[in-house]
Amino acid sequence: MRGKGALEVEPVVRAHDPGLTPPPRRPTPWRYVNRLARWLVASYPQGGQASSLNAYRKSLIDSGAVKVAVNANAAFQLRNGVESCIYIDHGDILCQPETNSVLVSALIQYLKNNFEPDRVILVNVDSKTSPQLTGAIAIAGGFRQILVLPETVYHEERGTRRRMRFPDSISSQDMIVIIDDVLTPYDTTALNVAKLVRSELDHMEEFASQGTKASFHLMVALVRDESLVSSLLKKWDIKVHWLATLEDVIASLWPRLAEEQRIGLTREMCDV
């Protein structure tokens with residue numbers, strides 16, 4: 001995986017014929033570590049942007065939401081099936097009001113600074129964190145919301161048997177903002193919800209008669225690899241926004257990590 005500003009590293013020699021010249025010396029893990037550390041320091045945000053990001057990163061670390069494997073052999077499996085030495089669990093943040101409020105406030109501030117609040121309609125995805133997070137933002141920020149029942153809940157639902165609930169007023173001029181905690185490359189959770197909502201909107205009178213479509217956005221707290229995000233969702237006309245990147249979090253956590261953890265993260269981030 002290569003993020004923004006990824007470093008170039010020497011190729012690793014997998015095999016060598018002893019009858020030939022000696023193989024190039026493989027850089028030691030600490031050489032990789034030092035390179036990554038210099039890159040992370042250079043990537044820190046500056047000025048006013050840093051304050052909200054620092055508060056968010058601090059809440060991630062203080063709550064224990066950032067899990068780093070003790071070594072590369074104990075990696076976590078992500079939502080997209082890929083293994084990684086680092087896992088972000090926002091569920092730990094939502095359990096404490098002091099950390100939950102930091103995340104909710106940061107997302108509300110971003111939405112109000114970068115969107116027209118009166119035109120924003122939030123949508124949750126089918127995950128453990130998104131429904132609670134979306135509801136908290138909608139209440140505290142005064143946003144309308146499209147409620148999407150998680151699939152397991154929908155199958156147990158009685159009464160109206162409706163998967164989605166829409167606000168009283170909605171128009172083609174509104175901006176549909178899907179809320180999730182983390183965006184992992186090739187994860188289709190948000191895309192599936194976008195398709196579901198779009199399908200329903202296409203049957204609404206205003207959208208059908210005017211032939212117009214509301215704009216769709218995805219707002220996440222953290223993106224694991226921003227270099228893959230735009231190309232992945234661009235063809236679906238979904239614009240992605242985020243508070244922080246995985247590199248931001250690693251930079252904040254770096255001084256607390258053991259040597260084996262640093263080595264594992266460095267090799268993963270530098271794709272070696």
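Mentor: Let's start with Lys67, whose place is in strand S1 (residues 66-68). Helices (H or I, at least four residues) and strands (E, at least two) are DSSP runs, numbered from the N terminus. Keep in mind that this is a predicted model: local features need pLDDT of at least 70, side-chain atom pairs count only at pLDDT 80 or more, and totals for chains, interfaces and linings use all residues. Residues are numbered from 1 along each chain as its sequence is written, and side-chain values use heavy atoms, with hydrogens and water left out.

Trainee: What does Lys67 touch, leaving aside neighbours within four places in sequence?
Mentor: Lys67 is in contact (heavy atoms within 4.5 Å) with Phe76, Cys85, Ile86, Tyr87, Asp89 and Asp92.

Trainee: Cys85, then: buried or exposed?
Mentor: Cys85 has 7% relative accessibility, so it counts as buried. The cut-offs are under 20% relative accessible area for buried, over 50% for exposed, and partly exposed in between (1.4 Å probe, protein chains only). Lys67, at 29%, counts as partly exposed, and Cys95, at 59%, as exposed.

Trainee: Switching topic, what order do the strands take in the open sheet?
Mentor: The order is S7-S6-S5-S8-S9-S10, six strands with mixed pairing. Two strands pair if DSSP finds at least two bridges between them. S7 (164-165) and S10 (238-245) stand at the edges with a single partner strand each, so one side of each has no neighbour in the sheet.

Trainee: In what sense do S9 and S10 pair?
Mentor: Parallel, over seven bridges, with S9 covering residues 215-223. The bridge partner of Val223 in S10 is Thr245.

Trainee: And where does Asp237 lie?
Mentor: In the loop between helix H9 (226-234) and S10. Asp237 has a positive phi of about 55° although it is not a glycine. Most residues other than glycine have a negative phi. At 58% relative accessibility, Asp237 counts as exposed.
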